[in-house]
Amino acid sequence: MQENKIIKLTVRDVRFPTSLEQHGSDAMHTDPDYSVAYVVLETDSDAALKGYGLTFTVGRGTEIVVCAVKALSTLVVGKTLKEIVSDFRGFYRLLSSDGQMRWVGPEKGVIQLATAAILNAVWDLWARVEGKVRNKPLKTNTFECAYMIAIKIQNEAILLKVAKKGQKNREEQMLKEGYPAYTTSCAWLGYTDQQLTQLCSEALAQGWTKFKVKVGADLQDDIRRCSLIRKLIGPNNTLMIDANQRWDVNEAITWVTKLAEFHPLWIEEPTCPDDVLGHASISKALAPLGIGVATGEQCHNRVMFKQFLQAAALQFVQIDSCRVGSVNENLAIILMAAKFNVPVCPHAGGVGLCELVQHLILFDYISVSASLNNRMCEYVDHLHEHFKSPTIIRNAHYIPPKDPGYSCEMLEESVQKHQYPDGEVWRAIEQQGKQ
């Protein structure tokens, strides 16, 4: 079936008006409308086989990503799945290193988001063809390894061989118990204290033990909110804080030091996501306080992660399923993190990020790290109802998906209703604005 040819690529701008209720609000993104550039690959299969992929955005600008996907589509349409997966590294390079389009990257920004959307759809298609869920052990020839040579990791795909011991037991453990998660849904920056209290209390009753709080806009407000959350969750549950790149380096150190009394496990994105040495300085300054640095959701590519790891600039690697080049590049990052013995705690939430990244964390645990020490995956309880195979959370754990594919097929009714700007939801909002 891998001979099937991709005959059409469609991409749509799908947006959800989450800003109306301050869902997703943080110190830098005060009014996000969670959105996706949604890609569908059609094949010439008699069974009308399709692959579904997406990349996440926060509203305005999604139309730019859509344009980038369309520009890359000529590199995909006409190829067979067998051509692609037999040399997946080469196909990744084809998308990321086009002689003209790479100028608007390379391997960063809008063009990389578009690359991720297409590759996510290809992985979904491949998994559907094989009738597999994408958290199973994967072939090493899919790795995008170019820069791994610089830190002598390329030959250390031996990590996968070492991790084979106990692999079957870990797979059974995940099917039974799931992968540990933490929640961000309780403490968006725009939520009132009443909302924080209600949502935290409900989460505790549901079995959540790990909570993340958005910080960074006002120190006194952060002290009040962190104090409230810590009192609600108690001294033994885990608290993390996230500034979403709001501070400069010295400001981050000073600010987090004043929040140290609430014993956060990490400060996430304390400063500019490109400032590797700045993160290293923050990490060094906060280490005596027992506070780590977590980052990665806006790291452009594997090279950035390589530098962060080499500089000891982070203590938690936060891969994202749509920021870098899909599974291909995330596998390289997972291997690098294992080499440096740094836990992978993925960024998720948004639209479809939880659905996608669950496959990566399951692969990491089952086939690479073989450890759950200081490892957890973000969960945000928004918009899962718009997916055909939504994420399942049980006892604050991700339960492995059972449907073949990469879990990012959306319900067509939801896509049509939320397509921007002509979907029913957006037409209604526009009409309300005129009244």
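**The largest cavity and its setting in the fold**

About 40 Å³ of space lies in the largest cavity of this predicted model, and a search of the whole structure finds one cavity of 30 Å³ or more. The elements that each contribute two or more residues to the lining of the largest cavity are helix 3 (88-96) and helix 4 (109-130), with helix 4 giving the most, namely three residues. The lining consists of L95, S96, M101, R102, E107, I111, Q112 and T115, and by residue class these divide into three nonpolar, three polar and two charged.

With regard to the overall fold, the protein contains 15 helices and 12 strands, and its C-alpha trace spans about 60 × 60 × 45 Å along the principal axes. Buried residues account for 59% of the 435 residues in the protein. Of the contacts between residues at least 6 apart in sequence, 76% join residues at least 24 apart.

An annotation was also placed on the model: in an unreviewed entry, UniProt lists residues 193-289 under "domain: Mandelate racemase/muconate lactonizing enzyme C-terminal".

Note on methods: Residues numbered from 1 in each chain as written. Predicted model: local features only at pLDDT ≥ 70, side-chain atom pairs only at ≥ 80, totals over all residues. Heavy atoms only, no water. 1 Å grid on protein atoms, 1.4 Å probe; cavity = no way out; pocket = protein on both sides within 12 Å on 5 of 7 lines; lining within 4 Å. Points joined across faces, edges and corners; volume = space filled by probe spheres on them. Helix = DSSP H or I, 4+ residues; strand = E, 2+ residues; numbered from the N terminus. Nonpolar A, V, L, I, M, F, W, Y, C, P; charged D, E, K, R; others polar. UniProt positions renumbered as here; feature names shortened; annotations may be inferred. Buried < 20%, exposed > 50% of the residue type's maximum accessible area, 1.4 Å probe, protein only. Contact = heavy atoms within 4.5 Å.
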